Amino acid sequence: MITCQKFDLRDLNDFLATMWGGRRIKAKPFLYPVNFGAIAGGGTANETLTIAGDSDFVFTSSYVNLINSGGAVVTSVGWTLLITDTGTNEKYMDSAAQVPNYCNDIGNSNANRAFIALPIPRRLARQTTLSLTLENVSGVAVDFATVVLEGLRVWEYSQ
Amino acid sequence: MSAYTTAALIAFLNAEYGGQDLFVSPYEYELYIGNDIAAGASVSKTLQITSNQDFLLTALYAIDIEDSQSGSTILIVDNTSGEPFSYGPVPLPVQCAMPASLTSGMPMFGQLPYPRLLEGRTSLNVQFTASQSFPLTDNLYVVLSGMNVRAA
């Protein structure tokens with residue numbers, strides 16, 4: 001799931017033009033946060049995210065932020081994430097992905113790492129509901145676990 | 001990590017402004033959020049875009065932020081349209097790059113995946129909530145980086 005940088009603006013515009021068949025649209029950058037709260041070592045948490053009802057979402061990349069009981073950010077090594085579209089039952093990966101391979105980890109202190117983006121953007125229709133399952137295999141408990149989906153909010157003009 | 005080439009930005013502006021002649025200049029707005037903010041406390045500030053030109057926002061930075069504020073959150077709302085930049089508060093390091101923290105390896109996120117055009121006179125509300133565990137002790141600034149756009 002690794003590409004080295006955010007999508008080029010022209011590539012995104014080409015993607016939007018193709019997906020919307022050249023219809024008039026308005027796109028703006030947007031973030032969908034998913035807050036899991038505390039997760040014990042070895043624990044699993046599940047949350048759902050529903051895309052807003054007035055606009056589609058073009059998902060381009062994601063982030064994870066794990067905060068321990070001391071308030072410090074910790075690495076996501078040993079964590080897994082599974083995303084499922086509950087409407088279509090489509091899984092976004094064959095099995096739960098290793099979080100450091102899928103999300104940009106705020107707790108990863110390697111300054112030389114590449115930015116992680118999806119290999120191609122994914123269009124989510126308005127009101128799509130996603131189920132996100134975060135599993136903490138690392139054994140290190142956290143007080144706050146947040147996954148953020150980054151992308152574009154896209155409105156289609158009616159005329 | 002730049003995703004915006006000059007040619008792509010010009011094409012974006014041509015599409016937004018219907019090809020009219022434009023004068024574009026790099027610019028940034030710096031918004032002082034505060035200091036001595038208690039753990040878990042929230043502060044709201046307002047930023048007004050200049051009235052005589054639009055602003056194309058391409059990246060956000062948090063200046064003078066301590067690494068311990070990785071658990072802090074930010075929510076930016078366009079008061080003019082009522083549109084939030086996110087579906088709820090998001091971790092500050094996700095929304096804003098934190099250049100001051102680079103020595104400890106904090107990532108340089110913050111570049112928007114797509115530019116956001118803010119019209120002249122747009123008012124933004126920026127709500128910062130400090131980490132639940134640590135107070136904010138430094139002076140925190142949020143910087144909006146991009147370009148001014150006006151008719152040539």
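This is a predicted model: local features need pLDDT of at least 70, side-chain atom pairs count only at pLDDT 80 or more; totals for chains, interfaces and linings use all residues.
Residues are numbered from 1 along each chain as its sequence is written, chains are lettered from A in the order in which they are written, and side-chain values use heavy atoms, with hydrogens and water left out.

**Exercise 1. The surroundings of Phe128(B)**

Determine whether Phe128(B) is buried or exposed, and list residues that it touches.

Solution. Begin with the secondary structure: Phe128(B) belongs to strand E7, residues 123-129 of chain B, where strands are DSSP runs of at least two residues, numbered from the N terminus. Next, take the relative accessible area, which is 1% for Phe128(B), so the residue is buried (under 20%, with a 1.4 Å probe and protein chains only). Finally, look for contacts (heavy atoms within 4.5 Å): leaving aside residues up to four places away in sequence, Phe128(B) touches, among others, Ile33(B), Ile37(B), Leu92(B), Leu136(B) and Leu140(B). The C-alpha atom of Phe128(B) is also 6.3 Å from that of Ser44(B), although 84 residues separate the two along the chain.

**Exercise 2. The interface of chains A and B**

Describe the interface by its contacts, its buried area and its salt bridges.

Solution. Count the residues first: 39 of chain B are in contact with 43 of chain A. The two chains bury about 3,200 Å² between them, with 66% of it on carbon and sulfur atoms; this is the accessible area (1.4 Å probe) lost on putting the two parts together, summed over both. Then apply the salt-bridge rule (a side-chain nitrogen of Lys or Arg within 4 Å of a carboxyl oxygen of Asp or Glu), which finds two across the interface. In the salt bridge of Lys28(A) with Glu83(B), the closest N and O atoms are 3.1 Å apart.

**Exercise 3. The cysteines**

Solution. As for accessibility, Cys96(B) is buried at a relative accessible area of 0%, and Cys103(A) is buried at 1%.

Note on methods: Helices (H or I, at least four residues) and strands (E, at least two) are DSSP runs, numbered from the N terminus. Buried means under 20% relative accessible area, exposed over 50%, partly exposed in between (1.4 Å probe, protein chains only).
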